[in-house]
Amino acid sequence: MDLIFGRNKKEQVEPVRAKVTGKIPTWLQGMLLRNGPGMHTVGETRYNHWFDGLALLHSFTIRDGEVYYRSKYLRSDTYSANIEANRIVVSEFGTMAYPDPCKNIFSKAFSYLSHTIPDFTDNCLINIMKCGEDFYATTETNYIRKINPQTLETLEKVDYRKYVAVNLATSHPHYDEAGNVLNMGTSIVDKGKTKYVIFKIPATVPEDKKKGTSPWKHTEVFCSIPSRSLLSPSYYHSFGVTENYVVFLEQPFKLDILKMATAYIRGVSWASCLSFHGEDKTYIHIIDQRTRKPVPTKFYTDAMVVFHHVNAYEEDGCILFDVIAYEDNSLYQLFYLANLNQDFEENSRLTSVPTLRRFAVPLHMDKNAEVGSNLIKVASTTATAVKDKDDEVYCQPELLYEGLELPRINYAHNGKPYRYIFSAEVQWSPIPTKIIKYDILTKSSLKWGEASCWPAEPLFVPTPGAKDEDDGVILSAIVSTDPQKLPFLLILDAKSFTELARASVDVEMHLDLHGLFIPATGGASRTQPPAEQQRDRASHGQEAPQN
């Protein structure tokens, strides 16, 4: 397992041509851009957690049936400081670092004061966000980094706090049809309040504004939701949207602010300040996008941990929303690098298997309904919402499938009725072994898997002019635990789930987290400068250059 998790990966700065077997659809032109941890040791120091690793961007450029691969470490301030010191000097969520090797009492006390509300890392290793015509590497702190998708060059650093008061933000924003970005973050003890802030970033600057002005300056707070606890806000990784509502789960997986404020002086990680309270409830907040205010009815369900929302939509006066839920927070614990060793199989048995759950929430409370009655009349689900009190409703989900993670959909159906989920299948361990297409309507599935292969999050790309929801292809970057098998980009037909093609590359590919597909414009993809294209064609068939 050290081959996959513990070993630092070499970047492939110059594009290398992949060996393609099968036939890539002629319409598939563009770039698959992905992000994830790639460096886990710096000098003699080692990160504690796999999610702490330094961000390694990689891309597959697809044009005219050919595929070119490249990868490059995000040149964040965190990366630069660590490399210059030849050791980890910037703290990550699971690893506390000390810039001053002497750690004398005066410097430590001063550093402690500056870490009360930490200046978090800009090691943006989780996802890629599109904002207008620009692309950003993202994590869950207040920092994101603009990147050049063609060269993977790291550009300016953006601090959310300059535009909206948040200390943490999700890496899973939503986009409307105009390309505007809707995201949310946590504002920690700002003016005596801790709140969850939903904010909107416009895709373009209004025409009447000064030319060249950044869309960031027009970021607006969409809605604020007070945290139920001033000093223990909920952790969350994503949220849901419908055409008219936002769905936010305030779960009993909480960040203890007081513990976080003293973590540095105590020499413990911020991750140790996260705790799951199984005796508490999970609160379901529904925000009306038209009024920008939460629906007054209090909806709640049992304690659970959700990282990924799948989709949400409105049907017959209800909101139906699907999430991947765990019974506890054991998933995060499993990815400590100490567990990802030769005893991996024994260490990483999931105590809580990720389950696809469908919830139903009534948008209008029937005042005449009896306490204890089910308010859901939608025939398409067995999920219930039981009236508990006049203004409280207890929601129980329909369990759809066990063993799914990293869900994606046809994004044209985001916030709307949909049928298919494309996901990684996980069973006894948190590591995906197959790709699955789950049909919500028929409760059936199709799968792809191959010995020694670990697939990344599957991404759906629609066929141009497609009418069917599953008319398109699935793209997934595959790494192998077999050193004799090269990593490859897998291309599946999304309808039949049969393999169309694979593009194998002789590089050190890492297991990534999330990313997006950038369609080519004007015919074939021109995601490399002409000089690079000529050089690649001239070096056709050669091995990848080593750095």
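**A histidine site and its aromatic surroundings**

The side chains of His237 and Glu140 are joined by a polar contact of 2.5 Å (a pair of N or O atoms within 3.5 Å; within protein, one must be able to donate a hydrogen and the other to accept it, and residues adjacent in sequence count only if both atoms are side-chain atoms). The model is predicted, so local features need pLDDT of at least 70 and side-chain atom pairs count only at pLDDT 80 or more, while totals for chains, interfaces and linings use all residues. Residues are numbered from 1 along each chain as its sequence is written, and side-chain values use heavy atoms, with hydrogens and water left out.

His237 belongs to a set of residues, His172, His237, His308 and His514, that an unreviewed UniProt entry lists as "binding site"; positions follow the numbering used here, feature names are shortened, and annotations may be inferred rather than shown by experiment. These residues are spread over 343 residues of sequence, yet they cluster in space, with a largest C-alpha distance of 12.5 Å.

His237 sits in the loop between strand E16 (220-226) and strand E17 (240-241); strands (E, at least two residues) are DSSP runs, numbered from the N terminus. With a relative accessible area of 8%, His237 is buried (under 20% relative accessible area, with a 1.4 Å probe and protein chains only). Neighbours within four places in sequence aside, the contacts of His237 (heavy atoms within 4.5 Å) include His172, His308 and His514.

His514, for its part, is in strand E39 (residues 514-519) and is buried at a relative accessible area of 3%. Its side chain makes a polar contact of 3.3 Å with the side chain of His172. Beyond neighbours within four places in sequence, Arg34, Leu406 and Glu457 are among the residues in contact with His514.

Turning to the rings, the structure holds 21 aromatic pairs (rings of Phe, Tyr and Trp, the last by its six-membered ring, with centres within 6.5 Å; planes under 30 degrees apart count as stacked, over 60 as edge-to-face and the rest as tilted). Tyr313 and Tyr418 form an edge-to-face pair, because their ring centres are 6.3 Å apart and their planes stand at 80°. This pair links distant parts of the chain, 105 residues apart. Tyr313 is buried at 5% relative accessibility, and Tyr418 is buried at 7%. Phe321 and Phe359 are stacked, with centres 5.2 Å apart and planes at 10°. Ring pairs also link Tyr136, Tyr160, Tyr163, Phe199 and Trp216 into a cluster.

Notes:
Helix = DSSP H or I, 4+ residues; strand = E, 2+ residues; numbered from the N terminus. Buried < 20%, exposed > 50% of the residue type's maximum accessible area, 1.4 Å probe, protein only.
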